[in-house]
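Good morning, everyone. Please have a look at the chain on the screen. I'll walk through it briefly.

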Amino acid sequence: MGSSAAINQVADIMEKMPAEGKVAVVSATSGTTDKLIALAEAALSEGPWEKMLEEIIEKHENIVKELGISESEIGKNGVNLEKFWEQM
């Protein structure tokens, strides 16, 4: 799930499922795991990891904005998805 469109598609599917037993398991967004590995390798070799980190952050900030999650819903430790999940 590498985009807000993909996340919304899963949310639509989940909305149609019965509430009882509803579970969704997701991992990193598309391409993020490979980018995190490359970032770690760059940091260990004292390479240019800062730009890589900024790209990862920017990608996720854009997804959050596209999902319509406001800054007030973003907590110190990331996005508070409680409201998002309540809607499902």
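One term to begin with: a crossing is left-handed if the near helix is turned anticlockwise from the far one by less than a right angle, and right-handed if clockwise. Keep that in mind for later.

Now, the ground rules. This is a predicted model, where local features need pLDDT of at least 70, side-chain atom pairs count only at pLDDT 80 or more, and totals for chains, interfaces and linings use all residues. Numbering starts from 1 along each chain as its sequence is written, and side-chain values use heavy atoms, with hydrogens and water left out.

Confidence next. pLDDT is the predictor's confidence in each residue, from 0 to 100. The protein averages 81, and 83% of the residues score at least 70. Among the elements, helix α4, residues 82-86, has the lowest mean pLDDT, at 58. Helix α2 has the highest, at 91. Where pLDDT is low, the predicted coordinates should not be read in detail.

The layout. There are 4 helices and 2 strands. From the N terminus, the order is α-α-α-β-β-α. These elements are DSSP runs, numbered from the N terminus: helices are H or I with at least four residues, strands are E with at least two. Of the 88 residues, 17% count as buried. Buried means under 20% relative accessible area, exposed means over 50%, and partly exposed lies in between, with a 1.4 Å probe and protein chains only.

Now the helix pair. How do α2 and α3 pack? Helix α2 covers residues 32-44, helix α3 covers residues 49-66, and they pack at an angle of about 155° with axes 9 Å apart. Axes are lines fitted to C-alpha atoms, for helices over the stretch in contact, and angles run from 0 to 180 degrees between N-to-C directions. The two helices are therefore roughly antiparallel, the word for angles over 145 degrees. α2 passes α3 in a left-handed crossing.

Who makes the contact, meaning heavy atoms within 4.5 Å? From α2: Thr32, Lys35, Leu36, Ala38, Leu39, Ala42 and Ala43. From α3: Trp49, Met52, Leu53, Ile56, Lys59 and His60. By type, that contact divides into 9 nonpolar, 2 polar and 2 charged residues. Here Ala, Val, Leu, Ile, Met, Phe, Trp, Tyr, Cys and Pro count as nonpolar, Asp, Glu, Lys and Arg as charged, and the others, Gly among them, as polar.

Between these helices sits a loop, and Glu46 is in it. Glu46 has a positive phi of about 60°, although it is not a glycine. Is Glu46 buried or exposed? It counts as exposed, at 75% relative accessibility.

Met1 lies in the segment before α1. It is partly exposed, at 36%. Which residue is 28 places from Met1 in sequence but 5.1 Å away in space, C-alpha to C-alpha? That is Thr29. Thr29 belongs to the loop between α1 and α2, and it is buried at 13%. Gly2 and Thr29 are 27 residues apart in sequence and 4.5 Å apart in space, C-alpha to C-alpha. Beyond four places in sequence, Thr29 contacts Met1, Gly2, Lys59, His60 and Ile63.

Last, Ser4, in helix α1, residues 4-16. Ser4 is buried, at 10%. Not counting residues up to four places away, it touches Ile63, Glu66 and Leu67.

Methods. Angles under 35 degrees count as roughly parallel, over 145 as roughly antiparallel, 65 to 115 as roughly perpendicular and the rest as oblique. Contact means heavy atoms within 4.5 Å.
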